[in-house]
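Subject: A structure for you to look at

Hello,

Here is the structure I promised to pass on. Please open it alongside this message, and then read on for a short tour of what turned up.

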Amino acid sequence: MSVHIIIPARYNSSRLPGKPLLDIKGKPVVWHVYQRALETNIDSIIVATDDDRILQAVESFECKAIMTGESHQSGTDRLAEVATKLGFNDDDIVVNLQGDEPLIDPSYVEIVVEHLKKNSGADISTLMCPIDSAKDLFNPNIVKVVTAEDSLALYFSRAPIPWERGKFDKFEDLEEMQISNGQYFRHIGLYAYRVSTLKALSQSHMTKLEEIEALEQLRALQLGNKIAVAKVENACPHGVDTFEDYERIKKIMEQNK
């Protein structure tokens, strides 16, 4: 069994086109993500892109790059294409490390891999961290997850889950609301897949729950896949989705020598 990091880097993002090539400290964003990948103990690192400009940039810093189709609806589909093109074995593990996450903690990559190896009955692994404020809990852009005692995911949602009956239905001020410690968890969107699962998901249709919540991981759950969730203490800073994100992350990285 081999482990591979695949970094999807798409050019035509709807909110910030060309973001993998935006400059931070004299290097493109995707270069910084590649550096985080190099800090792991995983030897196989591949950038998957749909644009020749990104391909050339990646090859210039001697990272392996694969050109993929432009019609993929998700990063999962792009990863599956790479796994098929390169002939990965079905029991190999692929880590989806997004090309817009230059501040990802490299140790988190290793944690999702080890968690999937440890949970032989799981198809996918991912991460969660505690939520300690009602503001974050009720923020639909922060995805929540609940798990079973064996760490397998029960559900992911943009809504506050679990719902604290008798308290949440009559709240007035999120700033003043106190939530139970250790009861609520934020999903961190870093995944490790078994290649067989990756291929099956890429060949399946969008499910109803995925459509309702706009969360791709719900397709896996609704199709019966088991997702093992490892707990970490903190979420990494959010990636580059908008120009404001880029300015924020650029400032953080320029200040961090």
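Let me begin with one residue. Setting aside neighbours within four places in sequence, Ile-5 is in contact with Ala-37, Thr-40, Ile-42, Ser-44, Ile-45, Ile-46, Val-95, Leu-97 and Val-109, where contact means heavy atoms within 4.5 Å.

Before going further, some background. This is a predicted model, in which local features need pLDDT of at least 70 and side-chain atom pairs count only at pLDDT 80 or more, while totals for chains, interfaces and linings use all residues. Residues are numbered from 1 along each chain as its sequence is written, and side-chain values use heavy atoms, with hydrogens and water left out.

The pLDDT is the predictor's confidence in each residue, from 0 to 100. The protein chain has a mean of 91, and 96% of its residues reach 70 or more. Helices (H or I, at least four residues) and strands (E, at least two) are DSSP runs, numbered from the N terminus.

**The cores**

Ile-5 and Ile-7 touch the most other members of the largest nonpolar core, which has 38 residues. The biggest contribution to this core comes from helix α4 (residues 106-118), with five residues. Another core, of 28 residues, lies apart from it and includes Ile-66, Met-128, Leu-215 and Ala-220. A nonpolar core here is a set of buried Ala, Val, Leu, Ile, Met, Phe, Trp, Tyr and Cys residues joined through side-chain atoms within 4.5 Å. Buried means under 20% relative accessible area, exposed over 50%, and partly exposed in between (1.4 Å probe, protein chains only).

**The strands**

Strand β1 (residues 3-9) has seven of its seven residues buried. Val-3, Ile-5, Ile-7 and Ala-9 point one way, and His-4, Ile-6 and Pro-8 the other. β1 runs parallel to strand β6 (residues 93-96), joined by four bridges, with Ile-6 opposite Asn-96. β1 also pairs in the parallel sense with strand β4 (residues 44-49), over six bridges, and there Ile-7 has Val-47 as its bridge partner. Two strands count as paired if DSSP finds at least two bridges between them.

Strand β10 (residues 185-194) is mostly covered too, with eight of its ten residues buried. β10 pairs with β6 in the antiparallel sense over four bridges, and Ala-192 is the bridge partner of Val-95. Strand β7 (residues 124-130) is also antiparallel to β10, over six bridges, with Met-128 opposite His-187.

Which residues of α9 are buried? They are Asp-245, Tyr-246, Ile-249 and Met-253. The face turned away carries the exposed Glu-244, Lys-251 and Gln-255.

The buried residues of α9 pack against β2 (23-24) and α1 (29-38). In α1, eight of ten residues are buried. One of them is His-32, at 6% relative accessibility. Beyond its neighbours within four places in sequence, His-32 is in contact with Ile-24, Lys-27, Pro-102 and Met-253.

Best wishes
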